Amino acid sequence: MPEPVPAAKPEGDAKPQPEEDDLPPADGAESEADGDEPGMTELTGLFVEKPLNNVVAVAGADITFIARVDSTTLTRKPTMKWLKGKWLDLGSKAGKHMQFKETYDRNTKIYTYEMKIVKVVPGDAGGYRCEVTAKDKCDSSVFEVTVESAQQEVQQGDILSAFKRADAGEDDGDLDFSALLKAAKKKKRPEEPEIDVWELLKNAHPSEYEKIAFQYGITDLRGMLKRLKKMKAVPIKHTEAFLKKLDSCYSVHKGKKIVLTCEVVDPNVQVKWLKNGQEIKPSAKYVMEANGNIRTLTINKTTLADDAAYECVVGEDKCFTEVFVKEPPITITKLMDDYHVVVGERVEFEIEVSEEGAHVMWYFEDVELHKDKDSKFRFKKDGKKHTLIIQEATLDDIGMYHAWTNGGHTKGELEVEEKELEVLQDIADLTVRATDQAVFKCEVSDDKVTGKWFKDGAEVLPSSRHKMTHIGRFHRLVIDDVKPEDAGDYTFVPDGYALSLSAKLNFLEIKIDYVPRQDPPKIHLDTTGNMVSQNTIIVVAGNKLRLDVEISGEPAPTVVWSKGDQPITDTEGRVRVESRKDLSCFVIEGAERDDEGNYTIIVTNPAGEDKAVLFVKIVDVPDAPEDVRCTSVGEDSAAILWNPPKFDGGAPVKGYLMERKKKGSSRWTKLNFDVYESTTYEAKRMIEGVLYEMRVFAVNSIGLSPPSLTSKPFMPIAPTSEPMRLTVHDVTDNSCSLKWLIPEKIGAGGLDGYIIEYCKGGGTEWVVANKEICERQGFVVRGLPVGEKINFRVVAVNMAGRSPPATLQQPVTIREVVEHPKIRLPRELRTKYIRKVGDKVNLTIPFQGKPRPVATWFKDGQPVDTKLVSVRNSNVDTILFIRAAEREHSGTYELLLQIENLEDRATIEIRIVDKPGPPLNVRVTDVWGFNAALEWEPPKDDGNCEITGYTIQKADQKTKEWFTVYEHNRRSNCTASDLIMGNEYMFRVYSENFCGLSEEPRMSKNTATIVKTGLQCKRNPYKEKDMSCMPKFTQPLIDRSVLAGYSTAISCAVKGFPKPKIVWMKNRRIIGEDPKFLMQNNQGVLTLNIRKPSTFDGGKYSCMAVNELGQDEVECKLDVRVYKEPENK
């Protein structure tokens, strides 16, 4: 599931959109919303809580709407849309003004959706709708928002303030409306009368609107135009130049094409197109076309500059419209990295977006970061790159940082730890003779740290003899021309740290014995300073070793230095010997590892010889750790293992420092500041599904090693949860069928399949049942021993490894369960099964039994013919199928179900019926008065079912027209009554059964004649009446008013003889054979149908009726009006 987005984080500054009722879809505009509506969805009650139907908000205050959706019955995550009016999706307006939030409760499985409107303005009033969809289900809720002013009396200044945007965005920088408003407030003069800005706007030309808005501080030009349009009470002068004007507003996405269309009366007239009052010249961007009465303006590749008011001018007549350009969502192409720094370091959060010049909002936790002079945060834009810079990080900066655009969001975590200063080289004690130079030197881990020098607690100030230097990580105190008073304790204290380094300066007094004598030579070694033992000196690689050895003896002895057997005689170079009176200096500049070894100093004079052996140990930072690798991963963690460095630098390795980064990123994040002693480490707080790389540093008392080689990329992925609902589906003598459901939690590693294992009851050795991974949620374990109790378990497998196992509560006994065969005959098959000829017969008979029964079908005691009947058997049922039934398929069918010696039978009688044949020997047996008696015999073919009745019909010999006498007559005789005297009748009879009447009737063999009885009919003389009359309308035409585009009709009624000729006229002109009009005359009712009338079809319609005796005429008025959608109030 995607991480829910907090409500306080807007998706970007969205451009204010027009009211939905003012924006019909643009003619020709390419809309990106096409196809977003789901297909046929089922309206269901998904909401458990909806917004109130009517909400009253106070202007300037915040308001929040909450909707909750129950997802317990849904198969996928629901999608929520907040809409205003019919179609305006408010998701495109997310920003400071409108904020959206989505949360999910795993316990109740309820999604909570919130829409918050910050600082409500009057333009937020109207109808809203929240709509939730999930696959084939949807639900919606409609509510109304009314905005009331905070005060009873709204002043002019308050109305103007409603049109000043709080989120001016880029306009704030370009037009500097905020500075203009501040300046306007400062320059208010109470003596000047107030100016009614709306009166100025109503009387001004549209080309001057922007100038007036800028002058009086109105930044929301779109809202100003809407209000101005509503305020204009002057009736619009009816124009004769346009048949169809431009729509009030158009909407288009940035970069798309839009077509503005209007229709003029004169097809030859020339039109002008204006944009914000300025005439538009034809170009590749603006294409103007004329096609008959249609005039179009096509704007290609729209930009924000095309968001303006447009006019089409014909002479003195004009029609207006507005075009609103929507910005596409800005996506984030490069996500933000995490940072792990120490106090004082520089932090740069960098992202990349899909468009240059996009607006990006930065947040620290829930607080938006602004570009203020006193702020520690700095913002940098370089094309598509946007950077948030923190010059010097502090502990207060710890937290989560967010970057938002109107189409994307990313976040990065900043961790800041206090600095820990490490001493790489301590100060050494010095013993110096008079007039010599004393140098105290130390090295710390941070080259930016400053400090102070103290002598016996008093600060040492710079002078001609005392010089302090700070170069990189090295701090030096140099004392020239040392004097006895310079002896004492010297201390270096780094600024900002509770740390101090101390050393002692010893002054060496020289005593001169004026009595000449011979003394044997003597080497006086100073065991303080760099000496860790009597004869061992430790030197950091790269540092300088200066060993001053005091020598005594008379006469002055000769000094020889050597390394092993090789004497050192150079007085210049990197390794050299310097000789002074009573002092021999051994110097190594920039110590190297090869300089390590035993050094011998031998002094000789005539009185004797002295010798000393010194061991110089060179220590350095260790080599880099080796073979850094990831051994295992978790959902948000990984176990890292590495080998210690081959060379520890001459000093024991104290521990390690680890760093990680996302693959493809160049920013390394420190994982620990305290030295970690082990060679295994568990890195946590990682993102599942993201590739990471690791490297390790070794640390000893000298310093930090170079970084190790980067590990192979690895991805934190967790195994799935255990499979759900493991059950036993079936058991035989040597197999067991298992079924289960997929794990509840799968994760980024996906699901490769399942491994099924089993072991004997009480045992601990699990055997894998499937050689290859099973991808389905079912498996049959075969080859099991009969009668044994077996435990089963199933584990899910993905690239992260095995999941916890799903087990059965108790072992399964491997034994076939014998179950007697039993046929479960459906209730409708326990009686006769009747079907018509040609129908499909499909009988499904379920049964049960173990092991699998054998099902056999018989018909009338013989096995069924598989050429006529199809039979299909399964483990649980048998199917008898006849594609098109015939009469020969009728009979008694028997199903035999067998399991070894056990059996069960079921009988089904199938009857295929057809229409019967005609009855036999139909005859008239008697005639009396006006009656005739008929008799017949049943048909030879009854259609394989009972005859349910007969239908008798009669016809006289004159007309030969048949009339039904009886229907469903169940007897084989009947009496036909009410026959007409003098007529001769013939009869026919149909037989009837379940399928209907017979195809052919049976005619009677003889006829029935009704004889006249001597009665005479005297007819009255007939005198023809003169019916001639002139036309006269009995029902006039009625005036009508109809909507354009909807077909209509006008009607009237006329009488007259001879039949009058009808003439329809429009505006006194006869309507010819125009396919738009359809004229009808039905028994004197006259109708004129008009198909989809337009405003051209309005006028006076008349109908004239004319015959040789005269004429009459009626007329009516037809008004065709154009539908206009009501404006929101």
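## Overview of the chain

Helices (H or I, at least four residues) and strands (E, at least two) are DSSP runs, numbered from the N terminus. By this definition, the protein chain contains six helices and 88 strands. The model is a predicted one: local features need pLDDT of at least 70, side-chain atom pairs count only at pLDDT 80 or more, and totals for chains, interfaces and linings use all residues. Residues are numbered from 1 along each chain as its sequence is written, and side-chain values use heavy atoms, with hydrogens and water left out.

Of the 1129 residues in the protein chain, 39% are buried. Here buried means under 20% relative accessible area, exposed means over 50%, and partly exposed lies in between (1.4 Å probe, protein chains only). The protein chain exposes about 64800 Å², of which carbon and sulfur atoms supply 49%; accessible areas come from the Shrake-Rupley method with a 1.4 Å probe, and for residues only the protein chains shown count as cover. A contact means heavy atoms within 4.5 Å. Among contacts in the protein chain with a separation of 6 or more, 65% are between residues 24 or more positions apart.

Strands of a sheet pair through backbone hydrogen bonds, either parallel or antiparallel. In this report, two strands pair if DSSP finds at least two bridges between them.

Strand β7 is joined to β8 (residues 110–117) by eight bridges, and the two run antiparallel. Within this pair, Tyr104 stands opposite Tyr111 in β8.

## Strand β10 and its partners

Strand β10 (residues 137–148) pairs with strand β3 (residues 54–58) in the parallel sense over five bridges. The bridge partner of Val56 in β10 is Thr146.

Strand β9 (residues 126–134) also joins β10, through nine bridges, and these two run antiparallel. In this pair, Gly127 stands opposite Glu144 in β10. Together β9 and β10 form a hairpin with two residues between them, and Lys135 in the turn has a positive phi of about 60°.

Gln953 is found in strand β73 (residues 947–956). At 13% relative accessibility, Gln953 counts as buried. A polar contact is a pair of N or O atoms within 3.5 Å; within protein, one must be able to donate a hydrogen and the other to accept it, and residues adjacent in sequence count only if both atoms are side-chain atoms. The side chain of Gln953 makes such contacts with the side chains of Thr964 (3.4 Å) and Arg988 (2.7 Å).

Glu693 lies in strand β52 (residues 692–700) and is buried, with a relative accessible area of 12%. Its side chain makes a polar contact with the side chain of Lys661 (2.8 Å). The C-alpha atoms of Glu693 and Arg660 are separated by 5.6 Å, although the two are 33 residues apart along the chain. Leaving out residues up to four places away in sequence, Glu693 touches several others, including Trp668, Pro713 and Phe714.

## Cysteines

A disulfide is a pair of cysteine sulfur atoms within 2.5 Å. A search of the whole structure finds zero disulfides. Cys262 is in no disulfide, and the nearest cysteine sulfur, that of Cys312, is 3.7 Å away. Cys262 is buried at 1% relative accessibility, whereas Cys1029 is partly exposed, with a relative accessible area of 29%.
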